[in-house]
Amino acid sequence: MHRTDARVKCVACVCCVLLIVTTPATAVLSFTGYALILLALLAVSRVPILHIVRRTLAVMPFVLLIAACLPFIKRGEVMWSVAWGGWTLAVTRDGLRLFWGVFVKSSLSIFCVALLTATTRFDCLLRGMESLRCPRLVVMLLSFLYRYAFLFSDDLMRMLRAKRSRSFRPARSEARILAGMLGMLFVRSYERAERVYLAMCSRGFDGTIVTPGRPALGAADLALSGGVIACFAAARLAGGIW
Amino acid sequence: MHIPDGFLAARVWAPSWAVAVAGMWCCLKRAGRTLGDRAIPLMGVTAAFIFAAQMLNFPVAGGTSGHLLGGVLAAVLLGPWAGAVVIAIVLAVQCLLFQDGGLTALGANVVNMALIGSAFSYGIYILIASGSPGRGRLLASVAAASWCSVFLASTVCAFELALSDTSPLRVALPAMAAVHALIGIVEALITCGVISFIVKVRPDLLYAGKGGAR
Amino acid sequence: MESPAIEIISLSFSYPDGVPALHDINLNVARGETVGIVGPNGAGKSTLLMHLNGVLRGKGTVRVMGLDVNDENARKIRRLVGLVFQDPEDQLFTPTVYEDVAFGPLQMRYPREEIDRRVRDALRTVGMEGFERRSSHHLSFGEKKRVSLATVLALDPEIIAFDEPTSNLDPCSREEFISYLMALPATKVIATHDLELVLQLCGHTILLSGGTIVTEGETRELLGDRALMEKHRLRVPLSLALGPR
Ligand SMILES: Nc1ncnc2c1ncn2[C@@H]1O[C@H](COP(=O)(O)OP(=O)(O)OP(=O)(O)O)[C@@H](O)[C@H]1O
Ligand SMILES: [Mg+2]
């Protein structure tokens, strides 16, 4: 899985996410199928499951928002209710179904994307996107971000340490100092951008981004991603609703 | 505010992808025209800056902490077009690398946080800071724009959720608006802090300071 | 007669914010020569190097191999003159070593096989073969420096300008790097504070201070002039001060 061509992995991932989000919430069988396929891929790729679970937690704030909405969905038969003073809080079947639907869809989609990025180096992913005709400019910008983000966060950590080592100020001015650090970081990153521009120019950059041609796709790669997409489609059909 | 996959119906995420793509295309063109070739490294490196800046936690009253979102910051520094591109690039990487925000929802997230939270909010900043503002008015307009950017983005997000039948508007809207009215205050304070520092040391780096001429 | 590698006639330059950085520079570098540029911090060394391939343009004339540096010739000039920046983080701006080294050849629209060959050769020259797939961010500083050199070598330039090639290198890496420099047949211009390096590599040296060329001459003579050196915040290199052995 780690060696599979990034292009086919991208396509497979997008197809799977599209299938997941367009499946009706009632198709429990389909969702079970998706989960089994993804778990199988996870086992093959040897990505630790904890990694995926941790990523899934990102949906929590939104899940909570939906949970908060539950008592307000009035349609359908009441599953569970609590009366308190003059108020009645009722959770309906429709509400629960909605909750279950978004929860399972978002978790499975995150599973898909997390599996893709855990098995693909980011630079390969970018090259893959590029050969899939994602605009070169966008790919170039993404690669700049990837190249310099960690350099800057290291910079920031160094500044933080330097600050800690010489100040014991009350928290009130702390925010101001931190904001100043970000300001400093921007000034540095702006100057960095200027120098990078000069470095690009001196190697012949003239405003157009040239990228290497795309290598041919291996049959095994195509078969793998085709297989995964087919399995997803089958799971979808098994759910009975297209 | 990064909407995950599954929370938006196809009738919402598909059109917002279209709007996002068209908007970004427009922004890239305009940014290239105002900044020239150097726009490419400048936007890329600034996106890395915003990405790193979002990791820095600011202590907020009551032991909680908040962090910068950066929409207005990017726009005030690089202009509305490049600013929106920068935020969109950050969103894309967060989606891919950390699964923060979904793939199908990326369009909506770009509309909310890049087009509305950065380019549109820059309009608010310009509205208040038109002419040649003093330091006070400049910072006031930065604060207003930052607060509005967070607040507007969250209300639009609530509408998108409601249109998808994911949550009724009368719950989602007040909930999102209330939470983000507070987050907006933090955003306004941080953005002001950063801009006031930059105004002090390198005022020439502000986009408006260049009269958009570069 | 063959035109000199570099010919600069009364070049002056101010940064956009009005800081004057270079004033009335006149300079000739013969083909195949190795020239050192020394001078205190802020003398304008880096600024001068940026003029050699036209990424900065000042008032005056800069000619490279007989070609005027202007927009028309920009492409040719960039292929003729390679610039190794002081900070390798500026020069290595893509995620992987391969992409960094291939950037120049790609911009020149060479065919794919040619690009691969150039990348391989350039990396071999600096002893970094097998690093193509590594990410630039995670290299050691010395490795980054070497890859920076490779990014320039991939274009096979006639003239290479180095900005502080040996700064921040440990003694061993420094020696290795110097041996790579020595092996290069190109015309070299080296701006540095490492006077021992100048002594070792450069026959001719230019002393730049406050944006003007104070003097130039044979390296041993110039660097051995204690009064001149100290006036410009430099020191006579130890190996010269201790006398010839
Ligand atoms: N981007 C810039 N904008 C404005 N002024 C600059 C810029 N870069 C350099 N300068 C100024 O130009 C002058 C010459 O700088 P330069 O970097 O060429 O010096 P240098 O000889 O390379 O110094 P060092 O040995 O410290 O590298 C300095 O006064 C510096 O402050
Ligand atoms: Mg320098």
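Trainee: How many residues of chain A are in contact with chain B, and how many of chain B with chain A?
Mentor: Keep in mind that we're looking at a predicted model. Of the two pairs of chains in contact, A and B share the most contacts. The count is 65 residues of chain A in contact with 64 residues of chain B.

Trainee: How much area do chain A and chain B bury between them, and what percentage is on carbon and sulfur atoms?
Mentor: Start with the residues: A:Phe62, A:Phe186 and A:Tyr190 supply 14% of the area that chain A buries against chain B, more than any other three residues. For the pair of chains, the buried area is about 5,600 Å², and the carbon and sulfur part of it is 83%.

Trainee: What about charges there: which residue of chain A forms a salt bridge with B:Arg38?
Mentor: The rule finds two salt bridges across the interface of chain A and chain B, and there are six residue pairs in polar contact. In the bridge you're asking about, the closest N and O atoms are 3.1 Å apart. The partner of B:Arg38 is A:Glu194.

Trainee: Which element gives the largest share of the side of chain A that touches chain B?
Mentor: The elements that each supply at least two residues are α1 (6-22), α4 (60-69), α5 (93-119), α6, α7 and α8 of chain A. One of them gives 20 residues, the largest share. That one is α8(A).

Trainee: And by class, how many nonpolar residues does that side of chain A have?
Mentor: Take the other classes first: the side of chain A that touches chain B has eight polar and seven charged residues. The nonpolar count on that side is 50.

Trainee: Let's move to chain C. How much area is buried between chain A and chain C?
Mentor: Here 32 residues of chain A are in contact with 33 residues of chain C. Carbon and sulfur atoms give 54% of the buried area. The area itself is about 2,800 Å².

Trainee: Which element gives the most to the side of chain A that touches chain C?
Mentor: Chains A and C have 13 residue pairs in polar contact. On chain A, the elements giving two or more residues are α6 (122-131), α7 (136-166) and α8 (171-201). By class, that side has 17 nonpolar, six polar and nine charged residues. With nine residues, the element that gives the most is α7(A).

Trainee: How far apart are the nearest C-alpha atoms of chain B and chain C?
Mentor: Chains B and C do not touch. Their nearest C-alpha atoms are separated by 9 Å.

Trainee: Now the ligand. Which residue has a polar side-chain atom 2.7 Å from an oxygen atom of ligand 1?
Mentor: There are 15 residues around ligand 1, and C:Asn41, C:Lys45, C:Ser46, C:Thr47 and C:His193 come nearest. A backbone N or O atom of C:Gly42 lies 2.8 Å from a ligand oxygen, and a polar side-chain atom of C:Lys45 is also 2.8 Å from one. The 2.7 Å case belongs to C:His193.

Trainee: Where in chain B is confidence lowest?
Mentor: Chain B has a mean pLDDT of 90, with 97% of its residues at 70 or more. Its highest confidence is in helix α3 (residues 71-78), at 95. The lowest, at a mean of 77, is in strand β2 (residues 65-66) of chain B.

Trainee: And in chain C, where is confidence highest?
Mentor: Chain C averages a pLDDT of 91, and 98% of the residues score at least 70. Confidence in chain C is lowest in helix α11 (residues 238-241), at a mean of 82. At 96, the highest is in strand β8 (residues 187-191) of chain C.

Technical notes
Residues numbered from 1 in each chain as written. Chains lettered and ligands numbered in written order. Predicted model: local features only at pLDDT ≥ 70, side-chain atom pairs only at ≥ 80, totals over all residues. Heavy atoms only, no water. pLDDT = per-residue confidence, 0-100. Helix = DSSP H or I, 4+ residues; strand = E, 2+ residues; numbered from the N terminus. Contact = heavy atoms within 4.5 Å. Buried area = accessible area lost by both parts, 1.4 Å probe. Polar contact = N/O pair within 3.5 Å; in protein donor to acceptor, adjacent residues only side chain to side chain. Nonpolar A, V, L, I, M, F, W, Y, C, P; charged D, E, K, R; others polar. Near = heavy atom within 4 Å. Salt bridge = Lys/Arg side-chain N within 4 Å of Asp/Glu carboxyl O.
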